[in-house]
Amino acid sequence: MTVQRLRRLVGRLGGPAAVTVWMWLVTIPFALTVMSGAQYLAPGEPIWSAGLVAAVAHLAVGALLLAVKGLLALVPARARLVRAALAISAFAAIGAVRPFLIVASARLLDVRAELGDIGTRVALNVVVCVTVFSLVAVAVDLIRDHRGVFRRLRAVQRAAVADADAGRRRIDELRRTGTADLLEAIEQEVEPVMLGGLDAATASRLLRSIANDIVRPLSHELFDANETPAALAGEASPPPRRRDWLASVIGGIRPAPPLLTAILFVLLATPYALGNFGLGVSAVQAVLATLILFGGNRTAAALAARAATSAGRVSVIVVGVWLTGIVLAAESTLLLRTFGLTVYGAWLQALLFPVIALALAFVDSLSARLRSDQKELEESVLTSVTAAARIRSDYDRERSRLAHLLHTAVQADLIATALSLHADAGRDATGAVREAVDRIREQLARAPRNRPDPRAQLGRLIETWASAMPLRAHVEETIWPSLIDPARCDAVIDAVSEGLANAVRHGDGTEVGLALLPTEVGGVQVIVASGGVVAGERRGIGLRDLARSADVRLSQVAGGVELAVSIP
């Protein structure tokens with residue numbers, strides 16, 4: 001455990017959990033057994049009376065803890081170090097008065113008890129109270145923080161999965177609306193009038209009607225959609241269960257820092273050893289105990305690291321500290337007999353050490369797990385935000401793709417076919433209408449990534465329009481390398497489709513000129529010149545869409561209208 005981590009743990013003593021009811025409840029078994037003060041009893045008093053006396057004394061300790069809690073409430077929450085120092089001082093004061101509380105409780109219950117070696121007993125109680133109360137305070141504060149982080153982490157993780165599922169459903173719904181529903185609407189328009197054959201003039205009007213009344217409104221609806229990211233959010237998920245959190249904490253338990261655990265326990269036992277066995281024996285015992293505890297902790301840690309499962313690791317830790325406590329108790333017994341001293345209470349180390357070691361392991365492990373989960377929470381939030389942006393981007397990209405497809409390729413195909421049928425009014429047009437519907441179905445079903453060659457794409461597009469209207473097209477050969485970029489190629493196709501469609505809608509029927517030229521910066525310029533006049537100042541949806549990624553100029557020139565779109 002580094003100095004920085006130790007400082008953070010000490011700082012938690014100044015938090016809201018510095019004194020809680022858990023501090024009193026958790027220490028009840030400890031106060032009624034190891035620290036019951038049985039050695040205070042006068043000869044002849046029954047041993048069970050020590051537990052009764054300790055219980056009354058622990059009630060008094062609880063009252064003192066309430067007073068400390070009230071005192072801490074007077075200190076601002078932001079002054080954590082001041083609060084921590086005050087809490088440690090208060091714990092030491094409670095330890096100092098605890099021997100007197102035991103004697104007073106004994107007298108209250110008419111049990112004979114004596115203070116005995118007051119210096120040793122005060123020192124022992126001070127060390128134990130400061131250590132145990134501090135561990136409990138830190139553990140409670142860590143548990144509260146970690147449960148909050150754990151809940152937020154699981155909520156973010158589940159929300160990310162729900163949002164991803166919701167985003168995919170919305171994209172699927174968008175595709176269904178833009179394909180299946182559109183095709184169904186077209187079929188409903190086409191089927192009834194094709195049963196008895198279809199002349200060219202009627203077919204031309206039908207295809208124009210489909211383009212203007214079905215395809216165009218849907219493309220506008222897709223283009224103008226402005227849904228917020230919240231519309232893509234999934235349903236709220238329930239909070240994680242308490243046992244999920246407990247399993248996470250237990251699964252993350254690791255051995256306590258070996259040297260710190262050894263030193264802390266030796267410090268706990270030293271006041272008792274000094275008071276009962278003298279400085280020489282206490283010094284020898286302190287050195288031997290430190291070596292035994294350090295070695296036992298290191299061995300347990302090494303074996304735990306090899307465990308294949310969390311349950312195996314926790315079992316190794318528990319068994320390791322228990323065996324280390326037994327070895328320590330055996331060594332203490334042997335040492336005291338070697339010096340000819342009376343062995344008293346050495347066996348308690350076999351019970352006390354595992355409690356202290358496991359408490360330290362829990363605090364240290366939970367502190368590390370809290371930092372890990374906080375980092376994971378930050379990463380999960382960032383991942384969730386990134387995923388939400390990606391889902392929204394995918395949704396917008398698909399919506400834009402469908403809008404472009406309907407507004408340019410599909411609508412242009414319908415208008416071009418309608419124009420070609422109008423020019424050949426004498427033939428049966430049933431097959432031509434069915435072919436047009438089949439082409440729409442093929443275009444809608446084509447995967448976005450199945451991209452044909454740019455030359456083939458533009459060639460088919462220009463050929464389709466040339467069969468339906470007087471068109472003079474000129475394409476500079478030097479533009480083709482620039483159209484390898486899919487985004488630029490799509491923008492050029494959109495510009496050609498939009499320019500020729502507008503020439504049909506707003507032109508005067510004269511020949512239309514189309515030119516695709518390279519720009520000085522490696523882009524492509526699309527120029528569409530047609531007869532007529534510029535219709536109003538407000539641009540249509542297609543031109544507004546083009547202006548997002550290109551320089552669009554629509555101007556009145558001698559002899560007609562010129563649309564110039566420069567795609568970088």
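**View 1. The lining of the second largest cavity has eight nonpolar, two polar and no charged residues.** Here Ala, Val, Leu, Ile, Met, Phe, Trp, Tyr, Cys and Pro count as nonpolar, Asp, Glu, Lys and Arg as charged, and the others, Gly among them, as polar. This is a predicted model, so local features need pLDDT of at least 70 and side-chain atom pairs count only at pLDDT 80 or more, while totals for chains, interfaces and linings use all residues. Residues are numbered from 1 along each chain as its sequence is written, and side-chain values use heavy atoms, with hydrogens and water left out.

**View 2. Who lines the second largest cavity?** You'll find P255, A256, T261, N297, A300, I317, V321, A357, L358 and A361 there. A cavity is a set of points, on a 1 Å grid over the protein atoms alone, where a 1.4 Å probe fits but cannot get out; lining residues have an atom within 4 Å of a point. At least two lining residues come from each of α10 (258-305), α11 (310-338) and α12 (348-423). Helices are DSSP runs (H or I, at least four residues) numbered from the N terminus. The space inside is about 90 Å³, a volume being what probe spheres set on the points fill, with points joined across faces, edges and corners.

**View 3. The largest cavity holds about 110 Å³ of space.** Of its 13 lining residues, T27, F30, R98, C129 and F133 are the closest to its centre. Two or more lining residues come from each of α3 (28-32), α4 (48-73), α5 (80-108) and α6 (118-178), and α6 gives the most, with five. By class, this lining has nine nonpolar, three polar and one charged.

Key. 1 Å grid on protein atoms, 1.4 Å probe; cavity = no way out; pocket = protein on both sides within 12 Å on 5 of 7 lines; lining within 4 Å.
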